[in-house]
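Good morning, colleagues. I would ask you to look at the sequence and the structure together while I go through a few points.

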Amino acid sequence: MDSYIIIWHFCGLVFTLYFSQIVPMILQKFEINIKEIPYDKRKQSQLIGFCELILIYIFIAKGEITGLGFIFAAKALARNDDSKDENMQTYFLAGTLVNFTYAILMASYFKILENDFLHRVNSNI
């Protein structure tokens with residue numbers, strides 16, 4: 001049974017990562033000017049967001065919601081030096097919130113489906 005759950009969440013994580021391109025699309029829709037941010041900063045932010053998404057998914061899949069606070073605190077400390085540039089602040093905050101929202105929704109969806117699957121399996125035994 002545990003192997004099914006591991007495979008299920010692996011597929012959920014791959015699905016979530018594959019469709020994570022929606023995050024930059026949402027930022028552009030709300031006219032957050034990404035073009036003004038240097039290319040290297042954008043690439044770094046995308047990598048951080050990708051890793052953040054994986055950690056959020058894992059924490060929610062394991063039921064460790066308090067880990068989300070750890071991620072938020074680590075990002076706040078790591079990006080403290082960018083607080084001078086207003087455009088970078090907006091990009092950072094909006095990107096973090098959109099990424100968190102997307103990751104939480106996707107992980108919660110797959111967790112709900114997992115619980116439904118386990119309920120159905122246990123009721124048939």
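From the N terminus on, the elements of the chain follow the order α-α-α-α-α. In this predicted model, the secondary structure therefore amounts to 5 helices and 0 strands, counting as helices those DSSP runs of at least four residues.

Let me turn to how the chain packs. It has 125 residues, and 34% of them count as buried. Among the contacts with a separation of 6 or more, 80% are made by residues 24 or more positions apart. The chain exposes about 8,500 Å², and 67% of that area is supplied by carbon and sulfur atoms. As for charge, there are 11 positive and 12 negative side chains. The centres of these two sets lie 4 Å apart.

Next, the largest pocket. It holds about 500 Å³ of space. Of the 25 residues that line this pocket, the closest to its centre are Val23, Pro24, Ser45, Gln46 and Tyr91. Which helices each supply at least two residues of the lining? They are helix 2, residues 22-29, helix 3, residues 39-61, and helix 5, residues 86-123. Helix 3 provides the largest share of the lining, with 10 residues.

Is glutamate 52 buried or exposed? Its relative accessibility is 3%, and because the cut-off for buried is under 20%, glutamate 52 counts as buried. Which residues is glutamate 52 in contact with, once its neighbours within four places in sequence are left aside? They are Ile71, Lys75, Thr96, Asn99 and Phe100.

The other residue is leucine 118, found in helix 5. Here the relative accessible area is 22%. Buried means under 20% and exposed means over 50%, so leucine 118 is classed as partly exposed. Leucine 118 can also be set against alanine 74: the two are 44 residues apart in sequence. In space, their C-alpha atoms are 34 Å apart.

Thank you for your attention.

Terms used
Residues numbered from 1 in each chain as written. Predicted model: local features only at pLDDT ≥ 70, side-chain atom pairs only at ≥ 80, totals over all residues. Heavy atoms only, no water. Buried < 20%, exposed > 50% of the residue type's maximum accessible area, 1.4 Å probe, protein only. Contact = heavy atoms within 4.5 Å. Areas by Shrake-Rupley, 256 points an atom, 1.4 Å probe, with all protein chains shown as cover. Lys, Arg positive; Asp, Glu negative; His and termini not counted. Charge placed at Lys NZ, Arg CZ, Asp CG, Glu CD. 1 Å grid on protein atoms, 1.4 Å probe; cavity = no way out; pocket = protein on both sides within 12 Å on 5 of 7 lines; lining within 4 Å. Points joined across faces, edges and corners; volume = space filled by probe spheres on them.
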